Amino acid sequence: MSRDRAIAKAFDRAAAEKRAALVVYATAGYPRPEEGLAALVAAADAGADVIELGVPFSDPLADGPTIQKASFDVIEAGVDLPWALELLREFRRQRDTPVVIFSYLNPILHFGVERFISAAVDAGADGLLITDLPVDADPELETLFESSPLDLVRLIAPTTLRERARYIASRSGGFVYYISRTGVTGARSELATGIEEKVAELRAASEVPVAVGFGISTAEQAAAVARMADGIIVGSAFVDALGKRGVAGGAELIATLRGALGRG
Amino acid sequence: MIVLSSARDLVADRFGLFGGRFVPETLISALDELTAVYADASADPSFREELEALWKDYVGRPTPLYRAERLGEAAGGAEVWLKREDLNHTGAHKINNALGQVLLARRMGKRRIIAETGAGQHGVATATVCALFGLECVVYMGEEDIRRQALNVFRMRLLGAEVRSVDSGTRTLKDATNEAIRDWVTNVTDTHYIIGSVVGPHPYPAMVRDFQSVIGIEARNQCLERTGQLPSVVVACVGGGSNSMGIFHPFIGDRNVALVGVEAAGDGVDTPRHAATLTLGKPGVLHGSFSYLLQDEHGQVAGAHSISAGLDYPGVGPEHSYLKDSGRATYVSATDAEALNAFQQLARLEGIIPALESAHAIAYVLREGARWAGRGPMVVCLSGRGDKDVAQVAEMLGQ
């Protein structure tokens with residue numbers, strides 16, 4: 001059951017509405033496993049165009065304190081990769097919003113790469129993003145992912161050299177994830193500088209849309225980035241809202257951010 | 001003379017299946033830069049001269065190869081030779097690598113240094129070289145290790161380093177390493193990360209091995225000089241695996257020399273509390289490389305346990321995984337109790353108090369020495385001294 005180009009279509013729809021797309025990250029099973037489905041549905045209904053479903057890992061070395069804590073909490077509560085796929089299957093029965101599975105490499109290796117791809121596709125996943133699998137780190141593995149029905153979303157950092165950035169952009173599926181700053185995930189009071197220029201360059205080099213993430217938590221930041229990019233990615237702010245104000249609080253944040261994305 | 005990897009050697013980022021660069025994209029340019037700068041330094045005689053001069057005059061190399069006769073007698077008549085890395089400045093082999101890397105940091109113009117530490121020996125070595133070169137130094141250390149290695153924490157602070165306590169996850173070396181990587185991802189443009197073992201993404205495992213191979217090069221020459229033959233076996237403890245990789249590497253081509261790595265078995269390999277990664281792990285990705293890894297049934301990294309903070313790590317250097325699978329090296333383990341016994345035995349028999357890490361290698365000698373008796377020299381890496389462990393051992397022995 002392949003869902004043809006669902007991510008691209010979601011970005012196209014946002015563009016047709018003259019706004020940036022909203023990509024929302026949620027740690028699977030957070031704030032509590034029994035609320036995991038409600039959190040995804042709430043994000044979708046409040047305006048998320050694409051959902052990144054985070055598979056918790058014991059050693060989330062690219063994540064800041066918010067997502068670290070969420071990961072540890074849900075692992076403690078029994079969430080693992082098969083559980084996250086089951087959550088996705090449930091979600092897919094209720095909503096059509098494209099979903100990118102967001103994971104570190106080890107849980108997928110442990111599960112088995114080919115087994116994972118078929119289980120993820122079967123559960124209704126559209127894309128895959130692996131934090132610690134940079135381009136060309138493992139050509140054999142990357143070929144398996146790239147030749148699967150899943151879009152392999154690639155990350156580009158401010159430190160990525162120009163030629164490599166173009167190369168990554170050309171190999172990214174679904175969208176390109178531009179990391180707005182060096183550092184781990186998490187809310188910041190100010191946006192990084194130089195985003196506009198980088199994004200413009202990447203858009204020229206890429207056949208897929210360019211979305212910007214890391215450090216976006218407020219409507220002002222969302223609005224500023226929405227003027228430069230095809231999409232914005234919100235992770236820690238949503239996880240933080242879920243943790244502190246529950247599913248309703250998360251939904252409220254997403255609705256606010258979604259309202260800030262118009263290009264006027 | 002040590003052999004540093006050339007640009008050509010550094011093209012390959014794997015040891016067989018193991019190794020690689022499984023890190024966030026943000027770090028790729030820094031790893032490329034480090035690889036290029038290291039390759040340049042390898043080809044530059046002045047780099048080697050400066051490093052060797054520091055090893056000699058500052059560290060006190062070469063370290064002796066010492067015939068431990070009373071230990072040998074107690075170990076069933078084996079001919080035991082100890083490679084005395086415990087006599088290095090700062091008390092362990094860690095300084096060999098820290099000096100090499102700080103010279104590279106200087107070449108890269110990076111003025112801020114970060115490190116992770118378990119037992120504190122690598123943290124002390126890094127703080128020392130930063131003091132020597134006037135660089136800012138931040139060391140990440142797990143809360144649990146700060147408790148059991150208070151002396152080393154104070155030493156690092158005396159040397160001008162900032163020690164940051166890590167209270168996430170296991171509160172030991174694994175999570176200290178996570179936190180150091182997070183710092184590096186954030187401050188990568190002005191910071192060099194001095195990894196203390198043969199772990200992490202390429203080029204670290206090859207580079208740290210090269211710097212530590214001075215141990216094996218000296219030991220091989222000394223053994224030939226003193227005994228007229230190569231050792232029958234080389235023994236070293238394995239956590240991440242830097243002292244063992246350093247002493248093994250120059251012997252890899254000597255096919256008749258057995259290589260034995262001793263992992264920490266904690267409460268025992270038949271219990272859940274151990275750090276015997278090569279003995280019981282399964283290949284996976286942690287801290288940037290693909291290698292044997294202790295993990296649970298969901299692919300989460302399992303907490304390790306060892307009496308020794310320096311071996312309390314669920315991963316292991318990828319080249320060890322390669323040596324294990326190729327059969328060139330053999331990996332065994334010693335329990336906390338065996339290590340604690342060896343710690344005391346070496347003190348009584350030889351007047352040498354070993355680090356708890358190194359005591360695992362001594363425990364193997366005591367347990368298996370009789371098997372090696374009459375078969376030629378047994379060279380054992382005494383990777384560090386035990387001053388740092390005295391308070392912890394006193395507590396454990398109820399004194």
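**Sheet, patch and confidence**

Guide: This is a predicted model. In chain B, six strands make an open sheet with mixed pairing, ordered β3-β4-β14-β9-β10-β13.

Visitor: Which are the edge strands, and what makes them so?

Guide: They are β3 (65–67) and β13 (329–335) of chain B, and each of these pairs on one side only. From one strand to the next, the twist averages 30°.

Visitor: How do you know that β9 and β10 of chain B pair, and in which sense?

Guide: Pairing requires at least two bridges between the strands. Strand β9 (residues 233–237) and strand β10 (residues 258–266) of chain B are joined over five bridges, in the parallel sense. The strands therefore count as paired.

Visitor: Why is L159(B) called partly exposed?

Guide: Its relative accessibility is 31%. Buried means under 20% and exposed means over 50%, so L159(B), at 31%, falls in between. L159(B) sits in the loop between α7 (150–158) and β7 (162–166) of chain B.

Visitor: What makes F154(B), L158(B) and L159(B) a nonpolar patch?

Guide: Patch members need over 30% relative accessible area, and nonpolar side chains are joined within 5 Å. L159(B), at 31%, therefore passes the area cut-off. Together the three residues have about 310 Å² of accessible area on the surface.

Visitor: What are the confidence values for chain B and for the model?

Guide: Chain B has a mean pLDDT of 97, with 100% of its residues at 70 or more. The model scores ipTM 0.96 and pTM 0.97.

Definitions and conventions: Residues numbered from 1 in each chain as written. Chains lettered and ligands numbered in written order. Predicted model: local features only at pLDDT ≥ 70, side-chain atom pairs only at ≥ 80, totals over all residues. Heavy atoms only, no water. pLDDT = per-residue confidence, 0-100. Patch = residues over 30% accessible without salt bridge, like charges linked within 9 Å, V, L, I, M, F, W, Y side chains within 5 Å. Areas by Shrake-Rupley, 256 points an atom, 1.4 Å probe, with all protein chains shown as cover. Salt bridge = Lys/Arg side-chain N within 4 Å of Asp/Glu carboxyl O. Helix = DSSP H or I, 4+ residues; strand = E, 2+ residues; numbered from the N terminus. Buried < 20%, exposed > 50% of the residue type's maximum accessible area, 1.4 Å probe, protein only. Axes fitted to C-alpha atoms, helices over the stretch in contact; angles between N-to-C directions.
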